[in-house]
Amino acid sequence: MDWQALWLSVKLSCFTVILLIPLSIFVGRELAYRQFKGKSWLEALIMVPLVLPPTVIGYYLLVGLGNQSIIGQWVEQLTGQQLVFHFSGLVIASIIVNIPFAVQPIQRAFETIPIDIRDAAACCGMSRLRIFFRVELPMVWPGVLTAVVLCFSHVLGEFGVVLMLGGNIAGETKTISISIYDSVQAFDFDSAGMMSLVLLVFAVSALALTTSMSRRLGGHHGASQR
């Protein structure tokens, strides 16, 4: 077991979830409630990472964040650190790749909230902010929980984007998926099998737990509405 690579993958997953989920709650709510010109194009753009090969996304990120790009040069001048072949670059890449896994479940959860409930809360004198925190957010927790688990699990298994943008630097960009690849290349199938089993068990357990908790939360909210 490559514990260093596993820890780096877990850290990358945590950073991605912490930064992406709040943004996804805002975006998902806006997409669920608002109708505006170009909404279909925006939703399509959000879904692009699901259909584009990871190496293609990695290539564009490498070009867009590299030393020759405006963003890459600006960040290097500001921080003295490159984005490519660095952990910070992996965080940005993971956020972009996992946008659909975060936004979609949350958007669908907001869409299930009956408009009558929000109207009733407004009639009771609740502000928009209070309605969001006291009414909407508790009702969309199953969607938020699904988004968290999907993003966390997907980041753990990312390979193409990570390899394209971060390379294979131990302790900096070498994640568990790259370590599995290296083990297979070295014909160390025992190590590759062990690390693959860990990811498989985690993925199945996380999805089962998410399904169970979503049903309980959904049943609880349904009972409270009745």
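**Reading a helical model, one feature at a time**

Colleague: Does Phe152 count as buried or exposed?

Modeller: Phe152 is buried, because its relative accessibility is 19%. The general idea is a cut-off: buried means under 20% relative accessible area, exposed means over 50%, and partly exposed lies in between, using a 1.4 Å probe and protein chains only. Of the protein's 226 residues, 40% count as buried.

Colleague: And what should I know about the model itself?

Modeller: It is a predicted model, where local features need pLDDT of at least 70 and side-chain atom pairs count only at pLDDT 80 or more, while totals for chains, interfaces and linings use all residues. Residues are numbered from 1 along each chain as its sequence is written, and side-chain values use heavy atoms, leaving out hydrogens and water.

Colleague: How many helices and strands are there?

Modeller: Both are DSSP runs numbered from the N terminus: helices are H or I with at least four residues, strands are E with at least two. Here that gives 12 helices and zero strands. The C-alpha trace spans about 65 × 45 × 30 Å along its principal axes.

Colleague: Where does α1 bend?

Modeller: A bend is the angle between axes fitted to the seven residues ending at a residue and the seven starting there. In α1 there is a bend of about 30° at Leu20, with a proline, Pro22, following within four residues.

Colleague: How many aromatic pairs does the model have?

Modeller: Rings of Phe, Tyr and Trp (its six-membered ring) pair if their centres lie within 6.5 Å; planes under 30 degrees apart are stacked, over 60 edge-to-face, and the rest tilted. That rule finds seven aromatic pairs. One of them joins Tyr59 and Tyr60, edge-to-face, with 5.4 Å centre to centre and 65° between the planes. Tyr59 is partly exposed at 46% relative accessibility, whereas Tyr60 is exposed at 57%.

Colleague: Which kind of pair do Phe152 and Phe202 make?

Modeller: A tilted one, because the ring centres are 5.7 Å apart and the planes are at 45°. This pair links distant parts of the chain, 50 residues apart: Phe152 is in helix α9 (residues 141-156) and Phe202 in helix α12 (residues 189-225). Phe202 is partly exposed, at 32% relative accessibility.

Colleague: Which charges sit over rings?

Modeller: The test asks for NZ of Lys or CZ of Arg within 6 Å of the ring centre and within 35 degrees of the ring normal. Lys11 lies over the face of Phe87 at 4.6 Å from the ring centre, and Arg118 over the face of Tyr33 at 3.8 Å.

Colleague: Which residues have the most contacts inside the largest nonpolar core?

Modeller: A nonpolar core is a set of buried Ala, Val, Leu, Ile, Met, Phe, Trp, Tyr and Cys residues joined through side-chain atoms within 4.5 Å. The largest has 38 residues, and Ile21, Ile25, Phe110 and Val140 have the most contacts inside it. Elements giving two or more residues to this core include α1, α9 and α12. Its largest share, eight residues, comes from α1.
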